Each structure stands twice: as C-alpha cells, then as structure tokens.
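Biologist: I have a few quick things to ask about this one. Can you put it up first?

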Amino acid sequence: MKRKNMWIAAVATPVMIAMLLLFVGSPTVKANNQPPTASAAVKIDNFVFGPQTLTVPVGTTVTWTNADDIPHTSVSTEGVFKSRVLDTDEKFSYTFTKAGTYPYYCTIHPKMTGKVVVQ
Amino acid sequence: MPDKNENLIDQNLQDLNNDGVDRRGFLKCMAWAGTGLVWTMSGGIPVSRAFAKGYGKDAAKGEDFTFVQISDSHIGFNKPANPDVTATLQTAINKINAMPHTPDFIIHTGDLSQLSKPSEFDTLDQVLKGASAKQIFFVPGEHDMLTDNGEQYLQRYGKDTKGTGWSSFDHKGVHFVGLVNVANLKAGGMGSLGNEQLEWLEKDLKGRSASTPIVLYAHIPLWTIYPDWGWGTDDSEQALSYVKRFGSVTVLNGHIHQIMQKIEGKVSFHTAMSTAFPQPAPGTAPSAGPMKVPADQLQKVLGITDVNYLVSGRSLAVVDSPLEDSGASASGNAGEPLAVVDSIHG
C-alpha cells in the first residue's frame with residue numbers, strides 16, 4: 001500500500017505540475033480575451049509593396065518601412081488606415097483587429113497597390 | 001560655334017527640309033545639347049531645320065518671345081543621386097540669367113519640394129528670387145501636396161488659381177493653360193485631372209480662335225509614356241479632345257526627369273529635365289526611383305527648357321539645355337542631341 005502510493009505520487013506529481021503549467025500558460029491569453037500579439041512587415045522597395053498580399057491572423061500589427069529614396073504612403077483604399085508621408089527608412093504600423101481584406105495604395109504613386117488579408 | 005553647328009545640322013537635315021510645306025501653323029520642337037536641332041511639324045509630317053537660322057530671321061518681326069520651363073526641383077532631397085539640389089537649381093537660374101534676352105516669364109512644372117515642407121518652399125523662393133524673369137507660373141507636383149491636400153502650395157504659389165491650382169493666361173497672342181493632374185489620385189491609376197477641371201478647361205478654350213497657339217502645362221505627362229510607372233494621365237484624352245481644333249498646341253510636362261517628345265497631329269508633347277536628379281528611361285530599371293550618375297555627369301542630365309515663340313510662323317521652338325554642356329559641344333563640335341527624339345510620328 002505504502003509502496004503503491006509512493007509510486008502514484010511519483011508519477012502524478014510531474015503530471016500535475018505539467019497540467020498546472022498548461023493551465024497557467026493558456027488562460028492568461030484567454031482570461032483577458034485578447035488575441036495573441038503578432039507582427040508582420042511590409043517593405044516598400046523600388047516602388048513596390050512587398051509582399052504585395054500579406055496574410056496575417058487577427059490582431060497582427062503590420063509595419064510598413066520605406067526603403068526607397070522617394071517618399072511613399074500606405075493608405076487604405078476604404079479609409080481604414082492612413083499613414084503619414086514616409087520618407088526614407090520611416091515606418092508606419094497598424095494593428096488589424098477584424099478579419100477581412102484590406103486593399104491599400106500609395107497616394108503619391110497610385111500604381112503602387114497592395115493588400116492585407118486578415119484571417 | 002553656332003555657325004559651325006548650324007551648318008552641320010543643315011547638312012544633316014537637308015533631306016527633311018525640302019518638302020516645301022507651308023509654315024503656317026507649324027510647330028517646332030527641339031532637343032538641344034549645346035547645339036541646335038529643330039523639329040518642325042505640320043499635319044503630322046516632321047521636318048527639321050537649324051534653330052538659330054530661323055530664329056534670327058523671324059526675331060526681327062517683334063512680339064516674338066521666349067519663356068523658360070524648369071521642373072522637378074525637389075528642394076529637400078538629399079540622397080546620393082544629388083546631395084545638393086539647391087545648388088543645381090541655382091545653376092539652372094544662373095543659366096536662365098545668362099540668356100541673351102531675359103525670358104518673359106518662367107513656368108515651373110511642379111515638384112518644387114521633396115516633402116511639401118515650409119522650409120523647402122522657403123529655400124525654393126530664395127533661389128527663384130534671383131531669377132532675371134520676375135514672373136513665375138507654377139503647377140504642383142505630387143510632392144507639393146503631400147501633407148495638407150496642397151493647401152500650403154496654393155497659399156504660396158496658386159493664389160489666383162482655381163480648384164487645386166489650375167489657371168490660364170494670355171501672353172502676346174498665345175494662350176497658356178496650367179493644369180493639375182496630381183490631386184486626388186485613385187488606387188491603381190495614373191495622373192488625373194478630374195471632371196471639375198475638365199469642365200473648366202472646356203469652357204476656358206471655348207470661343208477662342210483656332211489660330212490661337214495653345215500651350216498646356218502640367219506636372220505628370222498628358223500623354224501615356226509608361227503606364228507601369230504611372231507615367232501618364234488617365235483622363236488626358238478628354239483634355240486633348242478640347243484642343244484638337246487648334247492649329248498649334250504645345251504640351252509641356254515634367255515628372256519623369258528626362259526629355260521625351262512626341263508629335264501627334266498638331267499637338268507637340270514635351271517633357272523637361274529635372275533641376276535635381278535624373279530618372280531612368282522607361283522600363284530600364286526596376287523602378288522610377290532617382291538614378292545615380294557619376295558626380296561629374298550630373299549637370300549634363302539636369303537642365304532647363306527654353307521655348308521661343310515666333311509670331312510669323314505661329315510656332316514654338318522648344319530648346320532643352322543641360323546645366324553643363326557636353327564636352328563635344330564645348331569643344332566646338334556638334335554635340336549629340338541630349339535625348340534621342342525617337343517617338344515622333346504623325
């Protein structure tokens with residue numbers, strides 16, 4: 001009896017600790033009801049948004065960086081977001097909190113278009 | 001130097017010169033790097049002659065005049081393609097001031113500034129103040145309307161204009177129209193004039209005699225040069241339909257930082273060099289971004305455009321001059337034309 005209990009304890013303790021860790025780990029996200037923080041990047045290079053279509057989960061913060069010698073903007077075609085003018089190496093970030101497709105363009109060079117797909 | 005060049009050009013162009021086309025309504029445009037080369041145009045047939053020869057003859061008849069186009073100064077730009085754009089603008093102004101006759105006025109076809117900053121506009125004003133021609137007409141480039149829908153631009157340079165900065169005026173019998181094709185651009189599109197401006201243009205031209213020479217100027221080319229890079233204006237066809245009945249139409253644009261010319265019927269299209277930095281020829285680079293050339297070459301790819309109006313022929317001669325003449329013309333030889341005029345067709 002004594003032996004058996006000890007054996008159970010030996011097995012159960014690590015399992016309980018593991019379960020406890022799991023329990024502690026996941027609910028912190030669920031408890032605040034916030035999506036996990038994620039980030040993604042769009043590089044503006046040679047008058048092109050790269051990647052031209054970026055697919056990200058809900059809650060992702062997308063950062064555009066202008067690598068050109070010429071200023072650009074990143075402006076939602078549907079008025080969802082609008083960067084200021086980004087000179088060389090300047091950045092703009094926007095966090096997408098709703099699923100959907102977000103087309104955008106450079107208002108200075110409107111041939112430059114891209115979209116963010118939020119799932 | 002001019003005589004020698006003239007002779008060479010005369011020889012080169014003799015074949016083109018002997019078609020006896022009536023000079024009335026002719027349109028001439030010229031690509032020039034230290035020497036002279038004139039393209040004369042009537043009914044879709046390009047003919048050429050030496051610029052200086054014709055000018056000398058007609059100039060005595062009075063009312064002929066010259067104006068200068070400058071473009072794309074991008075004050076505030078400081079990247080390797082030209083770390084000192086203020087200095088090269090100053091060189092352009094010096095070149096204008098060195099002209100034998102003070103031009104009647106200057107037209108700046110936009111991108112005065114790099115980022116629409118007040119300090120950039122201030123610097124531009126300071127340099128332009130030193131120009132021999134005191135009257136300067138402007139149209140905005142997309143760089144001049146970056147932050148405030150062009151409000152500051154309008155306050156400074158477009159006080160007597162309509163809408164986003166369009167206007168017209170008459171000078172010695174020529175009707176000039178400045179158009180804005182950089183406002184309210186749509187995703188995926190090129191330059192745009194918009195309905196309000198098109199309606200205004202139609203009214204502005206209505207009732208004018210078909211013999212009135214017309215000069216249209218705007219920042220982005222009013223003809224499609226390279227759609228992939230947005231080098232064109234989506235609704236320019238509409239605007240050009242209003243000028244079709246006129247005998248002489250000259251269209252002056254900037255934006256692409258290089259000389260391009262095309263003649264269609266009685267309409268001559270011309271783009272000017274930048275005073276700041278060159279851009280690549282269409283499709284020859286991954287993008288239209290600033291082109292870095294060796295420092296000693298820079299002033300050869302920047303420049304100004306003189307336009308001479310000759311009353312007798314009701315014609316305009318467009319002359320592009322680099323800030324620094326090429327070595328060939330400086331040594332007295334006929335220099336190569338700065339831009340190959342390869343797109344002339346009727």
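This is a predicted model: local features need pLDDT of at least 70, side-chain atom pairs count only at pLDDT 80 or more; totals for chains, interfaces and linings use all residues.

Biologist: What is the strand order in the open sheet of chain B?

Modeller: The order is S7-S8-S9-S10-S12-S11, six strands with mixed pairing. From one strand to the next, the twist averages 15°.

Biologist: Which strands stand at the edges?

Modeller: In chain B those are strand S7 (167-171) and strand S11 (260-264). Each has a single partner strand, so one side of each has no neighbour in the sheet.

Biologist: Take S7(B), then. How many bridges does it form with S8(B), and in which sense do they pair?

Modeller: S7(B) pairs with strand S8 (residues 174-178) of chain B through five bridges, in the antiparallel sense. Across from B:His171 is B:Val174 in S8(B).

Biologist: And S11(B), is that enclosed or open, and why?

Modeller: S11(B) is largely enclosed by the rest of the structure, because four of its five residues are buried.

Biologist: What joins S11(B) to S12(B)?

Modeller: Five bridges do, and the two strands run antiparallel, S12(B) covering residues 267-271. B:Ile263 has B:Ser268 in S12(B) as its bridge partner. The hairpin they form has two residues between the strands, and there B:Gly265 takes a positive phi near 60°.

Biologist: Changing topic: how many residues of chain B are in contact with chain A?

Modeller: 19 residues of chain B are, and they meet 18 residues of chain A. On the chain B side, ten are nonpolar, six polar and three charged.

Key: Residues are numbered from 1 along each chain as its sequence is written. Chains are lettered from A and ligands numbered from 1 in the order in which they are written. Two residues are in contact if their C-beta atoms, placed from the backbone, lie within 7 Å. Ala, Val, Leu, Ile, Met, Phe, Trp, Tyr, Cys and Pro count as nonpolar, Asp, Glu, Lys and Arg as charged, and the others, Gly among them, as polar. Two strands pair if DSSP finds at least two bridges between them. Axes are lines fitted to C-alpha atoms, for helices over the stretch in contact, and angles run from 0 to 180 degrees between N-to-C directions. A residue is buried if 20 or more other C-beta atoms lie within 10 Å of its own, exposed if 12 or fewer, and partly exposed in between; C-beta atoms are placed from the backbone.
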